[in-house]
Amino acid sequence: MKAQLEEMQRSALDEIQAVSSLRDLDECRVKWLGRKGALTDILRGVSSAPVEERPALGKAANELKIALTEALDGRREALESTEQARDAEENRVDFSLPGRRPRRGHAHLISQVSEEIIGIFAELGFKVAWGPDIETEYYNFDSLNTPAEHPARDSHDTFFVRPGVVLRTHTSPVQMRVMESVKPPVAIVAPGRVYRVDWDASHSPMFYQLEGLLVDEGVTFADLKGTIAHFLRRFFGKDCKPRFRPHFFPFTEPSAEVDMTCTVCNGSGCRLCKHSGWIEILGCGMVHPNVFRNAKYDYERYTGFAFGFGIDRIGLLRHSINTIHHLYENDLRFLEQF
Ligand code: PHE
């Protein structure tokens, strides 16, 4: 019996050492120490041995049990630590690797430019106002002293949504909407999309304008000139000179177009300015009394000036780009440069 126990201990220990996974180790434990295991058989056999041998046998069997239990526990610990190590290696996270940066966008050139322009006018006390892209003929034309027979109302220039409703051809209708809702003094700029049936290298059927309107007692053309000159110098640099040319707009009187010294040649003449040294940049004038009348403003008491220009155009000039369509094709190779 003693020899049998020794033999059993040897083979059990060999087997335990050979086990290579926690699952096999559990099976091994059941085989040797389980209720129907080998050792339980032996312990049962102790009671049928001769009385004088029983204590020694029982002791030996117990020692075997302890030895196997220790061996199993030791093996378990060893297996657990190697399995943990393997797991850690397989699911390893290297915290020192640089993170994958999400691609970061930035404001479109037009947004950048309009924010900058709005900022310059905000410094002067102008507030921002908005109007709808889909506008009535009344706000787009009639209220702005533009009678039905005016060439600008010809359907070749204007997108009609339905009779009486158009895609606004300029931001000037915002002037009227603002004046209808607030009393003077008024100082607003109104950026937004405008639409015209027009498409070539320098025209897009949709583009951006910024409207300005200032109304108060005693506003003069000198205020208009000063404001425009200040804006151009702030935006294009202090060497930028404005030139006012008489012009016609139905909603301003007198009216002017403003040119500025060419951003490319600085006035000496180049392709961009068609060798004139000047670039046409904006329309403006003193608000026409009929416009004040339509807005129910007292045109004896108040005067005001208005101006409007293309935000796209100003952005293109700043970067000496010649085709407006680059702005709307959403080619990142172009847009990423700004
Ligand atoms: N609305 C005019 C245009 O689109 C510009 C303008 C605005 C002129 C305000 C005078 C006063 O051409």
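User: In this predicted model, where is Asn145 found?
Analyst: Phi of Asn145 is near 60°, a positive value in a residue other than glycine. Most residues other than glycine have a negative phi. As for its place in the chain, Asn145 is found in the loop between α6 (137-140) and β3 (160-162).

User: What is the phi of Asn266?
Analyst: Asn266 lies in the loop between β8 and β9. This residue is other than glycine and has a positive phi, near 60°.

User: Where is the place of Pro185, and which residue does a cis peptide bond join to Pro185?
Analyst: Pro185 sits in the loop between α7 (173-181) and β5 (186-195). Omega of the cis bond is about 0°. The residue joined to Pro185 by this bond is Pro184.

User: In which strand is the place of Pro254?
Analyst: The peptide bond from Glu253 to Pro254 is cis, with omega near -5°. Most peptide bonds are trans. Pro254 has its place in residues 252-261, which form strand β8.

User: How much of the area that the ligand exposes when taken alone does the protein bury?
Analyst: A polar side-chain atom of Ser172 is 2.9 Å from a nitrogen atom of the ligand, and an N or O atom in the side chain of Arg196 is 2.9 Å from an oxygen atom of the ligand. For Gln209, a polar side-chain atom lies 3.0 Å from an oxygen atom of the ligand. Taken alone the ligand exposes 330 Å², and the share of this that the protein buries is 90%.

User: What is the volume of the second largest pocket?
Analyst: The lining of this pocket includes Arg103, Arg104, Gly105, His106, Ala107 and His108. Leu109, Leu332, Leu335 and Glu336 also line the pocket. By class, the lining has four nonpolar, three polar and three charged residues. The volume of the second largest pocket is about 190 Å³.

User: What distance separates the centres of domain 1 and domain 2?
Analyst: The domain assignment of the protein chain gives domain 1 as residues 2-90 and domain 2 as residues 109-335. With the centres taken over C-alpha atoms, the separation is 94 Å.

Key: Residues numbered from 1 in each chain as written. Predicted model: local features only at pLDDT ≥ 70, side-chain atom pairs only at ≥ 80, totals over all residues. Heavy atoms only, no water. Polar contact = N/O pair within 3.5 Å; in protein donor to acceptor, adjacent residues only side chain to side chain. Areas by Shrake-Rupley, 256 points an atom, 1.4 Å probe, with all protein chains shown as cover. 1 Å grid on protein atoms, 1.4 Å probe; cavity = no way out; pocket = protein on both sides within 12 Å on 5 of 7 lines; lining within 4 Å. Points joined across faces, edges and corners; volume = space filled by probe spheres on them. Nonpolar A, V, L, I, M, F, W, Y, C, P; charged D, E, K, R; others polar. Domains from an automatic or database assignment. Helix = DSSP H or I, 4+ residues; strand = E, 2+ residues; numbered from the N terminus.
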